[in-house]
Structures are given as C-alpha cells and as structure tokens.
Amino acid sequence: MTEAEGPDAAGLPPEREEVVAALLAHQRRFLAFVERRVGSRAVAEDLLQTAFARTLEKGGALKDGEGAVAWFYRLLRNALVDHHRRQAAEGRALEVEARDADGATDDLELKGAVCACLTELLPTLKPEYAQLVRQVDLEGRAVPDVAREVGITANNAGVRLHRARLALKRSLERGCGACAAHGCLDCSCKPRR
C-alpha cells in the first residue's frame, strides 16, 4: 500500500480508516526502521508490505491511530525476528551442504569402490530419485545446483534424495545382505544378469 492510496482506495470500514491513515503517515519511518535492521531496501520493503497486509487482516481490534503505530512497531519487530531466524536457518543448511559436499570428494579411493550392485539397482528407483542419486552421490554435484536444474527447491531435492537413499539402501540390503551392511567396499555379490 502506498501513501498515494488512501484508506478509501482499500474499501475499508470507517472504523479502520483512522488506523490505516496513522500507519500510512508513518510509512517512511517504518521503512527506515526495518531497512536499518536488514541492510537491504528491497527486503525491508517486502517485510513492510507483508506487515501492512497482516495489519489489514488482523488489525480490526485497533481503535486509535497512535495505539496502532505502537502495535505496528511490535509487529515489525516480530517480523524482523522471523526474518533473521529464516536467514540463520538457511545459512546453517548451506554450511551443512557445503561440508557434506567437501566430505564427499575427500576420499576418491572410496568413491571408486562403490558396490557394482548400486549401478544395477539405480534404474529400479523412481526416475527422479535415480537422477538425484546419480548426480549428487555419484557425480558429486551440489544438491542446490541439481535442484535448480531440475526446477525444484533445494529442500524438496533434499527430501527426495533422502527417500531415494533409503529406497536404495533397502534394495541393497535385500539383494546383497551382509555386504551392504558393511558398506559394500568389498563387494562379493554375484552380478544379476
């Protein structure tokens, strides 16, 4: 909502017009408040717009303009806390992924000792699962890169990869028995033909 759009433009009931007018009068201050805390004008505008929308949804209990401004600052503080939590969680997830990717390429000898049964069982998985295992585990590509290429989120790719690994593990344990339980480094299975 911009300052040019008045309360009448939103089609609000008369009791909320005062609240909206008070909030719009402080819009620049709200934006500066958020921008100082996130360091980005675009992110601040997004957070502010979301807060305005939330106010229109839940602000019916507010009676006066000044009380609305104090309430809106509390709403903005909560939005900032949520934003920083999301950022921290995303950062931690990327660190874990980077660590896993580094660890996967550390020992090339182990990488070359993949059980031959794995390549035979890979086509038995769902095609999207097989593709993820092949690209991430066998080719050593990063999950976010593969996810972007496939057109899904990194979280979705991570879930699919987890499910694919579980399905592959069960298949290996059924087919290879004790060999699979010990990591298939010394595979003595007879190839299935």
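Leaving aside its neighbours within four places in sequence, which residues is Gln135 in contact with? Gln135 is in contact with Gly140, Arg141, Val146 and Glu149, where contact means heavy atoms within 4.5 Å. Gln135 lies in helix H7 and is buried, with a relative accessible area of 11%; buried means under 20% relative accessible area with a 1.4 Å probe, protein chains only.

The model is predicted: local features need pLDDT of at least 70, side-chain atom pairs count only at pLDDT 80 or more, and totals for chains, interfaces and linings use all residues. Residues are numbered from 1 along each chain as its sequence is written, and side-chain values use heavy atoms, without hydrogens and water.

The protein has 10 helices and 0 strands, taken as DSSP runs (helices H or I, at least four residues; strands E, at least two) numbered from the N terminus.

| Property of the protein | Value |
|---|---|
| Residues that count as buried | 31% of 193 residues |
| Accessible surface (Shrake-Rupley, 1.4 Å probe) | about 12,300 Å² |
| Part of that surface on carbon and sulfur atoms | 51% |

Helix H7 (residues 127–138) also gives the most to the lining of the second largest cavity, with 3 residues. A cavity is a set of points on a 1 Å grid over the protein atoms alone where a 1.4 Å probe fits but cannot get out, and lining residues have an atom within 4 Å of a point. The second largest cavity has a volume of about 30 Å³, volume being the space filled by probe spheres set on the points. Its lining consists of Glu128, Gln131, Leu132, Val150, Ile152 and Arg160.

Technical notes:
1 Å grid on protein atoms, 1.4 Å probe; cavity = no way out; pocket = protein on both sides within 12 Å on 5 of 7 lines; lining within 4 Å. Buried < 20%, exposed > 50% of the residue type's maximum accessible area, 1.4 Å probe, protein only.
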